[in-house]
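Subject: Handing over a structure, with notes

Dear colleague,

Please look it over before going on to the text.

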Amino acid sequence: MKKILTSLLALVCALAMLTGCGNLRPNDDDKWDEDLDPSKTQLYVSNLKGGIGHDWLYNVKKRFEAAYADHSFEDGKTGVQVVVDTDNAVNGAWLILPTSEWEVFFSENVPFNDYASQGQLLDISDVVKAPAFGESAPIENKLDATQKSALTAMDGKYYALPHYEAYRGLSYNVAVFEEYRLYLADDRDNGNNGFIIRSTDKRSAGPNGEYGDYDDGLPATVDEFFKLCDQMVQVGVTPFVWPGAVASYSEYIVDAFAQAFIGAEEMRYNFTFDSGEKTTEIITGFDGDTPITERIAVTNENGYLLRQQSGKYYGYAVFEKIMKNVDKYVYSLAGTGNTTFTHYDSQEEFLLGEFENKPIGMISDGNYWWNEAQVSGAYQRSVNQFGDRAKAENRRFAWMPVPGVWSATAGQTPKTELVMKDPMKSYCFVNGNIADKPAKVAAAKAFVSFCYSDTSLQEFTVTTGVAKGLEYELTDEQFNALHSYGRSCWTLRKAGEVVRYNSANRLFMENEQAFSAYLHRSTVSGQTYQTPFTAFRDGVSAKDYFSGNWISRSDWNRDYSDYFAV
């Protein structure tokens, strides 16, 4: 872990110098939205703005300060003032912990075991094992068994708590789907290419094979998915948009289909490296273009074979077909990889398209895109340009479950398990450099407890439309207060299974960064590609890209044999 940590710190320091973000200091007055109150204890909280913004944190800040207005954390002071880092828009800015004045962090891509092993994170076990503010049951009860074991695997202590859940995949414009009749009909011989004619027509059962729920009318097979794409083109709808400036966003399509084909349980083998008596399907080669498969039990020793899970190939195959039709399927600035077309621009085009007679059906982005579009101003610009029609209450979007079945014969009812994969590793933690400051420790722990009460978890979701990575419920009133997109994501979260990027296996724990970096990097004919977008644009096949992504047994043994059973 020390080697990984040193490399990460060096990288972040270099980035800090290049970007000028450096080490944010509380005595830089221009960093704050308010003056410091010397009569109160200050608690410095750093929050990665990203897709969730700061509004949720300001809400907690106000309630926390009011709740502790008469409490003294240190002699001569009464009350507490939460100072929010409004400049933290850089993922990884929290990495320089020993010299940082920030005390509580909410961030993503956090390899918390690496930092805890170096003594850089504060032990918050007493907070997690105690009731949250105003409650009677411990916070720990809101974690599932996998989270509990993974979070405490290093030494039995808690050093972090889950922050928000981020899913990657496709979202769709419900209004566009309804206006252009893009839902599949239950009667496939209805004379409209199998799509509904009237809004009242009965829709197909969708990917989950069940009628009367969240995915009726959506494609149940990959063949149907491309039938939908072709129907969109025929009626004047562009199927996809993603940011050309960040080609990796297009990989969210690959991941969405891969996890649909693989399923939740077998996805977890990528973190646990232990399938027990169960197996997963891998591809060992190809007979022409036909995959040759076998089922294997997964252990630390053969974990390299997980790169060969068949579902991952099908994810690439879906995206290859999209890229073969890029000129008609993909918004031009995304399809050409225009480096000035950012994720904010992508969101704005998705929001504006239906009003400009250039509707876009689906966006490849995270489940936080709707909230991010409001934070960035993209949503407000759509309202400024198109008035009431573009206001939130008149917009309808939803998360799109995709099929994990390529094709089906007549009479079959294909079914796909709904998987919501969260690869973001988003956590809350406390800087270990305050350990010798009792007042700071007390204030930080009180704040963390306050943030993980049901009241705060619910408020977070109502404010951002995004779920926290713990178990809690929303009241009917809170659910109805969500935008249509937030309601969709919450409904699917409850209906499906969330796969989180964590494990108690030391092979994973001590090499987490290596396993999460460049997941889609592939070497084909001596050329290394970082993303399938670039490779497929150059004519590389899904089969070759998939094969070029494999890990050899010799490389696996060289890097990880210390973790093999003796």
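What follows is an account of what was found, taken topic by topic.

The model is predicted, and for that reason local features are given where pLDDT is at least 70 and side-chain atom pairs count only at pLDDT 80 or more, while totals for chains, interfaces and linings use all residues. Residues are numbered from 1 along each chain as its sequence is written, and side-chain values use heavy atoms, with hydrogens and water left out.

I begin with the cores. A nonpolar core is here a set of buried Ala, Val, Leu, Ile, Met, Phe, Trp, Tyr and Cys residues joined through side-chain atoms within 4.5 Å, where buried means under 20% relative accessible area, exposed means over 50%, and partly exposed lies in between (1.4 Å probe, protein chains only). The largest such core has 148 residues, and V104, F106, F240, W242, F447 and Y452 are those with the most contacts inside it. Helix α16 (residues 438–451) supplies the largest share of this core, eight residues; helices (H or I, at least four residues) and strands (E, at least two) are DSSP runs, numbered from the N terminus. Apart from this core lies another, of 21 residues, which include A264, F271, L305 and Y560. In soluble globular proteins, nonpolar side chains tend to be buried together.

Contact means heavy atoms within 4.5 Å, and, leaving aside neighbours within four places in sequence, F240 is in contact with L170, F225, C229, I253, I322, Y329, V330, Y331, I360 and M362.

Two of these partners, I253 and I322, return in a helix pair. The axes of α8 (residues 251–262) and α10 (residues 310–324) come within 7 Å and cross at roughly 140°, where axes are lines fitted to C-alpha atoms, for helices over the stretch in contact, and angles run from 0 to 180 degrees between N-to-C directions. That angle makes α8 oblique to α10, since angles under 35 degrees count as roughly parallel, over 145 as roughly antiparallel, 65 to 115 as roughly perpendicular and the rest as oblique. In α8, I253, V254, F257, A258, F261 and I262 meet residues of α10, among them G311, Y314, V318, F319 and I322.

A second pair is formed by α14 and α15, which pack at an angle of about 70° with their axes 4 Å apart, and which are therefore roughly perpendicular to each other. Here W370, A373, Q374 and S376 in α14 meet A378, Y379 and R381 in α15.

Helix α17 (residues 454–464) has S456, L457, Q458, F460, T461 and T464 as its buried residues, and these pack against α2 (55–67), α14 (369–376), α16, α18 (476–481) and α19 (484–495). The residue that follows α17 is G465, whose phi is positive, near 80°.

R395 lies in the loop between α15 (378–386) and β10 (397–399), and at 2% relative accessibility it counts as buried. Not counting residues up to four places away in sequence, R395 touches N173, L351, E354, F355, W370, S382, R389, A390, H483 and S484. R395 and S484 are 89 residues apart in sequence, yet 7.7 Å apart in space, C-alpha to C-alpha.

On the cysteines, a search of the whole structure finds zero disulfides, a disulfide being a pair of cysteine sulfur atoms within 2.5 Å. For C428 the nearest cysteine sulfur, that of C451, is 6.4 Å away, and C428 is buried, with a relative accessible area of 1%. For C489 the nearest cysteine sulfur, that of C229, is 20 Å away, and C489 too is buried, at 4%.

Finally, some loop residues. Most residues other than glycine have a negative phi. N357, in the loop between α13 (343–352) and β9 (360–366), has a positive phi near 60° and is exposed, with a relative accessible area of 64%. S525, in the loop between β14 (522–524) and β15 (527–529), has a positive phi of about 55° and is exposed at 80%.

With best wishes
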